Amino acid sequence: MSLYQLALVATLALTAAGGAWFLILPEAEQPPVDSVTTTAAEDPARGEPLRPLEPPGPLDPAKVALGKRLFLDPRLSGDGTVSCASCHDLQRAGVDGLARSRGIGGATGALNTPTVYDAWRNPVQFWDGRVDSLEAQIEGPLTSPTEMGSSFAAAIATLQADPSYARAFAASYPQGVTRAAFVDAVAVFERSLSTTGSRFDSFLRGDTGALTADEQAGYRAFKTYGCASCHQGANVGGNMFETLGVFRDYFVDRGGERPEDLGRYNVTGLAEDRHRFRVPSLRLAARTGPYFHDGSVATLEAAVQVMARYQLGREIGPREEQLIVQFLKTLAGPGAP
Amino acid sequence: VRPASRVAAGAALLAVLGLLVVQSRDAARASFLQVAEGTRLESALDARLNEDVLRSRQGLRRDYDALVGTAGHLRRLAHDVRRDAPADPAVSSALDAADEARSRKEALLDRFQSVSSVLTNSVSYLPVAIDAVLAATAGEPSAALRGPLVDLRHDALRYMLKPGPDLAAVVADDLAALERAPAPPHLEKDLAAVGAHARIVLRFAPVVDATLEELLAVPTAARYHALQDALRAARERQVRTVSLSRLLLGALVTAFALSVALLMARLRRRALRLDRERGDVARLNEELEGRVLLRTQDLARANEALAAASRSKSEFLANMSHEIRTPMAAVLGYADLLLDHGLGATERLGYVQTIRRNGEHLLTLLNDILDLSKIEAGKATVESIPCSPARIVVDVASLMRVRAVEKKLWFEIDYLTPVPETICGDPTRLRQILTNLLGNAVKFTDMGGVRVLVRCDGRDSPRPRISFCVADTGIGLTAEQIEGLFQPFTQADSSTTRRFGGTGLGLTICQRFARMLGGDITVESTPGQGSAFTLTVETGPLDGVPMYADLEEAGPSEPPERAPTPAELTGLRVLLAEDGADNQRLLSMFLRQTGALVTVADNGRMAVDGALSALAAGEPFDVILMDMQMPVLDGYGATASLRARAYERPIVALTAHAMADDRARCLAAGCDDYLTKPVDKASLYATVRRAAAGWRDRHAQPPALPPPLAALLVSELADDPEMQALVDDYVAALPDRTEALGSAVASADREAIGCLAHQLKGSAGSYGFMSITDAAAELERVAHAGEIAEIRRRAGELTSLCARARGRAP
């Protein structure tokens with residue numbers, strides 16, 4: 001008798017509990033809006049078009065090491081002769097010093113090699129900005145017949161055949177040697193390439209003694225002559241596109257137009273993008289000649305003059321030219337040998 | 001339901017349950033929150049992008065890092081949101097729309113950066129360049145050059161602040177004026193630069209603003225809001241699904257739990273009910289057992305009563321049969337006697353009177369039976385008419401007085417109280433009852449007399465009664481006899497009835513009628529001293545009825561009787577055991593007429609004594625005619641007694657019982673034959689003769705003279721000389737065998753009879769006497785189960801055959 005009643009009460013209690021649990025309905029939650037603060041709090045370079053470089057975030061040293069090894073490994077190329085570093089010589093400010101780069105089998109590329117240092121800070125890659133990340137960028141030189149002339153499949157196979165690579169990959173990537181791991185390792189390494197700590201950055205942060213009077217005068221001239229209209233930001237350029245030849249036709253003056261001269265037009269097909277190129281960073285400009293996408297200008301002074309003539313629509317006197325060059329030399333930090 | 005569909009239903013139920021459980025987990029919540037958060041961030045970043053673009057345009061921010069960073073952030077965010085967004089068509093299209101707007105904005109931003117940079121450069125340089133030319137021409141007379149320059153500087157600045165077609169025309173005019181003005185050669189380059197920058201301003205200012213306007217007009221905010229709405233709607237749908245699933249699951253669980261609870265409650269109720277019912281059943285069983293016990297007892301009692309009633313009824317029927325046949329036999333017998341022409345007038349008169357008396361008795365008997373059956377059937381009625389009690393008493397008394405006088409009894413009638421002249425009643429029934437009572441009194445009284453006492457009680461009461469007390473000095477009644485006196489079909493002692501006659505129904509009928517007349521019959525008696533039967537009946541109202549205190553008397557008389565004779569059974573000694581005087585007379589007369597010597601015994605005891613003493617005296621009766629129903633010792637008892645004393649001579653049963661088993665019963669008692677009353681004279685003679693002859697045949701001495709030749713039985717082996725001696729020896733031994741057979745038959749030793757018959761059957765054939773073998777076989781066949789008479793007959797035949805057997809032809 002009492003057993004029946006107990007069982008009945010227990011069943012009803014369980015029913016109530018179960019029903020209550022099931023009746024707790026989910027809510028259409030409205031999380032508080034994360035107020036996006038405009039970071040105008042403490043800006044040491046307030047009002048300046050140029051800004052100091054921030055160091056790269058924390059990176060996995062093992063991945064950096066693996067990426068560097070890959071970066072330096074010529075076996076990834078079609079004939080085993082060309083590595084990333086063949087053109088992006090880490091000991092030469094990330095460039096090869098040639099007007100046009102050399103690929104496998106002595107092939108000559110169409111464009112001048114941009115530096116790999118601080119490239120990761122640029123929102124787009126290549127002269128025509130056709131990709132927006134390092135990871136996406138890697139495929140270009142790897143597969144281009146005039147550069148490494150290989151393929152991901154071949155590169156991965158090569159890596160998989162090497163036990164030391166297999167171990168290194170396995171240490172950092174659970175999936176082992178894969179395209180994603182390969183790309184990620186290279187990109188992580190490239191993110192470690194930075195030229196922070198330049199004298200100019202110290203100057204921007206308030207250390208007026210970091211630059212000489214001439215250098216400071218050069219910076220003023222850089223701004224006054226309108227260079228800083230495009231070469232601005234932390235990377236002193238690299239964050240926008242601009243048409244080459246605003247005041248004069250650069251290509252007519254040079255003596256003819258080649259397909260690669262169409263620039264961003266080759267990506268978008270828009271008429272207004274003809275001859276538009278990514279504005280290059282000037283952080284390592286002092287050491288990355290020859291200049292421009294075609295590598296047609298050998299010296300920095302000449303490059304300054306070309307820019308003044310075609311982009312700024314004025315003449316720059318020798319004095320100012322020198323000042324600007326001096327200033328440009330203060331932009332590189334110690335990171336890039 | 002087939003198992004397959006049951007399985008399918010079960011699987012479907014499980015699938016539904018699983019679906020509900022999966023749905024109710026709300027797994028998409030986290031990703032929804034993430035996506036919602038992402039879109040909110042997109043909205044915020046988009047707003048910041050607009051802000052940054054405006055800031056850039058206003059020259060408040062001179063680098064594009066923030067702008068580009070925000071755009072990149074937005075791009076990555078869009079990618080993440082698209083990756084994490086729930087698969088919902090509305091959300092997808094909202095995502096597409098937002099992406100499209102974002103891409104358009106990005107493209108416009110890209111363009112804005114380019115044109116804005118160019119414009120910024122020219123805008124900042126143009127005044128500087130103009131000032132430089134003005135400074136270089138200071139103090140020179142070329143006012144024509146300075147004027148347009150100043151105008152250009154002024155108008156270009158205005159235009160830069162607010163670009164428009166009107167100002168553009170003004171600036172263009174200024175430019176044209178400047179170009180028309182004569183320029184000194186050393187200033188040509190500078191003036192060209194001023195013109196170029198002014199044209200850049202003219203060209204790019206509207207483009208920058210148009211781009212900016214277009215950029216700001218891109219409905220990214222609306223798209224993001226739409227996306228958020230779509231997400232919210234999707235989430236709401238999701239929440240609805242989840243809620244519904246949880247509700248359904250909850251309902252299912254609740255329903256299940258309720259079912260379990262209900263099931264348990266029902267089980268409990270059923271258990272309780274079973275307990276209760278078990279108790280009920282137990283109680284019911286006990287009750288039933290009790291009832292069955294009671295009923296069984298009732299049934300046993302009823303069965304006993306029924307058996308008793310059945311016995312009584314059978315006995316009653318037997319009595320009735322006897323009672324009817326007895327007077328009927330007298331009537332028919334005397335009627336036969338009347339047919340004899342050699343009778344005198346006196347004899348005839350006696351016969352006729354006997355016939356009449358027996359007829360009357362018969363009538364009484366039949367009336368009694370009819371009355372009783374009427375009463376039993378509830379169809380008897382009583383009248384209520386004025387009649388005189390005195391008259392009735394006198395009428396009845398006048399009849400009875402004669403008998404009383406015949407028996408030398410005194411007979412008195414007294415009024416104890418005055419008696420009304422008339423009462424209301426049924427005179428016929430009253431007369432019947434009184435006749436019965438008085439008849440009984442006379443019948444059962446041998447010495448003393450009968451007195452009738454009449455009294456009337458409660459004359460003034462509403463129900464006055466008159467009572468008639470008939471008191472006698474007769475044999476009286478025991479308490480047990482009184483108890484059964486008024487019961488129908490009950491006769492305590494048939495011998496009593498036999499001795500005193502009557503149907504045994506009279507008192508029963510009388511009491512029934514008395515009760516119908518509003519009264520009763522009561523009895524007081526002392527055995528051996530007499531009885532007093534009191535009839536009490538209602539008189540009806542007696543107002544004004546004259547009362548008498550005196551009586552009148554009346555009475556007839558009766559003639560006497562005698563007996564005649566023909567002749568046939570001459571010299572045969574016959575003992576007639578018969579209690580009925582009429583039958584005694586009739587049968588003795590029949591027998592004497594044939595020359596038989598008849599001795600009469602009144603009862604079985606006398607018959608036994610007579611038969612044995614006659615046997616002992618060497619004058620045994622040839623035949624005993626034994627009435628089976630007699631007082632003192634009935635025929636069965638007498639026959640059994642005689643046979644028990646080795647009385648072997650024929651006994652013929654006389655019985656009125658027409659019942660099926662009467663004959664068998666008589667023969668079983670030891671009778672040789674059987675006669676049914678009323679006795680037919682011819683069959684009487686035949687039976688008596690046959691019985692006597694049968695005995696004589698069986699017990700005749702071996703004949704002194706050789707039987708006639710034809711009667712001799714010669715062995716079939718008579719001609720075989722080798723067998724001659726053997727056959728002679730066998731024949732010589734035959735008398736010993738027949739003698740043994742005779743004594744076995746006399747003692748009714750069936751086993752011995754069978755054994756002897758068997759030996760004869762087996763041997764006789766071997767010695768050439770096939771007929772003896774046949775007869776012996778016949779005897780053997782009936783020896784064990786056949787009737788004694790049959791055995792005797794067969795034994796007789798066999799004996800005579802053996803007597804005729806001869807070894808050789810004479």
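1. Basis. The model is predicted, with local features requiring pLDDT of at least 70, side-chain atom pairs counted only at pLDDT 80 or more, and totals for chains, interfaces and linings using all residues. Residues are numbered from 1 along each chain as its sequence is written, chains are lettered from A and ligands numbered from 1 in the order in which they are written, and side-chain values use heavy atoms, without hydrogens and water.

2. Chain A. There are 14 helices and 2 strands in chain A, taken as DSSP runs (helices H or I, at least four residues; strands E, at least two) numbered from the N terminus. Of its 337 residues, 50% are buried, that is, under 20% relative accessible area with a 1.4 Å probe and protein chains only. Among contacts in chain A with a separation of 6 or more, 66% join residues 24 or more positions apart; contact means heavy atoms within 4.5 Å.

3. Helix pair in chain B. H2(B) (residues 29–57) packs on H4(B) (residues 89–136) at an angle of about 15°, with the axes 11 Å apart. The two helices are therefore roughly parallel, a term for angles under 35 degrees. Axes are lines fitted to C-alpha atoms over the stretch in contact, and angles run from 0 to 180 degrees between N-to-C directions. The crossing is left-handed, meaning that the near helix is turned anticlockwise from the far one by less than a right angle.

4. Contact residues of this pair. H2(B) contributes B:Asp46, B:Leu49, B:Asn50, B:Val53, B:Ser56 and B:Arg57, while H4(B) contributes B:Lys105, B:Leu109, B:Phe112 and B:Leu119.

5. Largest core. The largest nonpolar core holds 68 residues, and B:Val91, B:Leu149, B:Leu152, B:Tyr159, B:Val194 and B:Leu227 have the most contacts inside it. Such a core is a set of buried Ala, Val, Leu, Ile, Met, Phe, Trp, Tyr and Cys residues joined through side-chain atoms within 4.5 Å. H4(B) gives the most to this core, with 17 residues. Neighbours within four places in sequence aside, B:Leu149 touches B:Ile130, B:Val133, B:Leu134, B:Leu178, B:Leu191 and B:Val194.

6. Another core. Apart from that core lies another of 51 residues, including B:Met320, B:Ala397, B:Ile413 and B:Leu477.

7. B:Asn436. This residue is in helix H11 (residues 427–443) of chain B. B:Asn436 counts as buried because its relative accessibility is 18%. Beyond neighbours within four places in sequence, B:Asn436 is in contact with B:Gly506, B:Leu507 and B:Cys510.

Technical notes. Angles under 35 degrees count as roughly parallel, over 145 as roughly antiparallel, 65 to 115 as roughly perpendicular and the rest as oblique.
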